[in-house]
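I opened the notebook to log what I looked up in this model. The entries follow the order of my checks.

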Amino acid sequence: MDTKIILASNSPRRKQIMSALGIDFEVIPSNYDEKLETDTFTYDLIEDLATQKCLDVVRRVNKNKIVIGADTVVVLHNKILGKPHSKEEAFKMLRELSGQTHSVVTSICGINTKTNRAALLSTTSYVRFQKLSDEQINYYIDTFNPLDKAGSYGIQELPQGFLDKYEGSFENIVGLSPEAVTAVLEQLSANIN
């Protein structure tokens, strides 16, 4: 029997990316409370969040599973911009990102419950916003839902005039790098087809 792959995330964007890879997987969302003690960015911090999300699901499934957990953060001047708690906070974040280059880091943790092997990989992409007017920011906040997105935005839904350029994996900015998922699964020697 092939090892079953579990995505420890309810993100529709992550589900879409996994499906596009042709991976047969099921979703068991992590219940891990991802509160950060600090907003100063380190790879260790984000990799630990991805690991804790993964472990939360590992504890709830039986053997012969590979669990994939992920965490994505937006980082500006070494400060983490998480998910906003209000429209006001979203406005403030988007105003900070206006005309700036920021990085988007997604850490993926995979654990094979049969072998107890773990793999961890972080991918960094860079995004530069154009100089945004208050009207543009308010339009985005009123039209899209920024409250469930790190940094208050989803790159796949940005209106014309927001994005100047990006470097690196586009899917990583959305929430999951296909290359990183494939690499993690290969490290865990999963039969993914």
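**Entry 1: the β3 strand and its neighbours**

I began at the hairpin of β3 and β4, where two residues lie between the strands and histidine 77 takes a positive phi near 50 degrees. I note here that the model is predicted.

Next I checked the pairing of these two strands. β3 and β4 run antiparallel and share three bridges. Valine 75 stands opposite isoleucine 80 of β4.

I then turned to the other partners of β3. Strand β5 (residues 101-112) is antiparallel to β3, and 10 bridges join them. Valine 73 is opposite valine 105 in β5. Strand β1 (residues 4-7) pairs with β3 in the parallel sense, over four bridges. There, lysine 4 has lysine 65 of β3 as its bridge partner.

Is β3 mostly covered or mostly open? I found it mostly covered, with 12 of its 12 residues buried. I sorted the side chains by direction. Lys65, Val67, Gly69, Asp71, Val73 and Val75 point one way, while Ile66, Ile68, Ala70, Thr72, Val74 and Leu76 point the other way. Side chains alternate between the two faces of the sheet in a regular strand.

**Entry 2: the largest pocket**

I looked up the largest pocket and got a volume of about 990 Å³. It has 44 lining residues, and the closest to its centre are Glu34, Thr72, Gly82, Lys83 and Ala150. Elements giving two or more residues to the lining are α1 (12-20), α2 (43-58), β3 (65-76), β4 (79-81), α3 (87-97) and α5 (170-174). Which of them gives the largest share? β3 does, with five residues. By type, the lining divides into 18 nonpolar, 11 polar and 15 charged residues.

**Entry 3: aromatic rings**

I searched the whole structure for aromatic pairs and found six. One of them joins phenylalanine 129 and tyrosine 153, edge-to-face, at 4.9 Å centre to centre with 70 degrees between the planes. Phenylalanine 129 lies in strand β6 (residues 117-129) and tyrosine 153 in the loop between α4 (134-143) and β7 (163-167), so this contact ties together parts 24 residues apart in sequence. I checked burial too.

Phenylalanine 162 sits in the loop between α4 and β7, 33 residues from phenylalanine 129. Both are buried.

Last, I noted one aromatic cluster formed by Phe129, Tyr140, Phe144, Tyr153 and Phe162.

Technical notes: Residues numbered from 1 in each chain as written. Predicted model: local features only at pLDDT ≥ 70, side-chain atom pairs only at ≥ 80, totals over all residues. Heavy atoms only, no water. Phe/Tyr/Trp six-rings, centres within 6.5 Å; stacked < 30°, edge-to-face > 60°. Buried < 20%, exposed > 50% of the residue type's maximum accessible area, 1.4 Å probe, protein only. 1 Å grid on protein atoms, 1.4 Å probe; cavity = no way out; pocket = protein on both sides within 12 Å on 5 of 7 lines; lining within 4 Å. Points joined across faces, edges and corners; volume = space filled by probe spheres on them. Nonpolar A, V, L, I, M, F, W, Y, C, P; charged D, E, K, R; others polar. Pairing = 2+ DSSP bridges.
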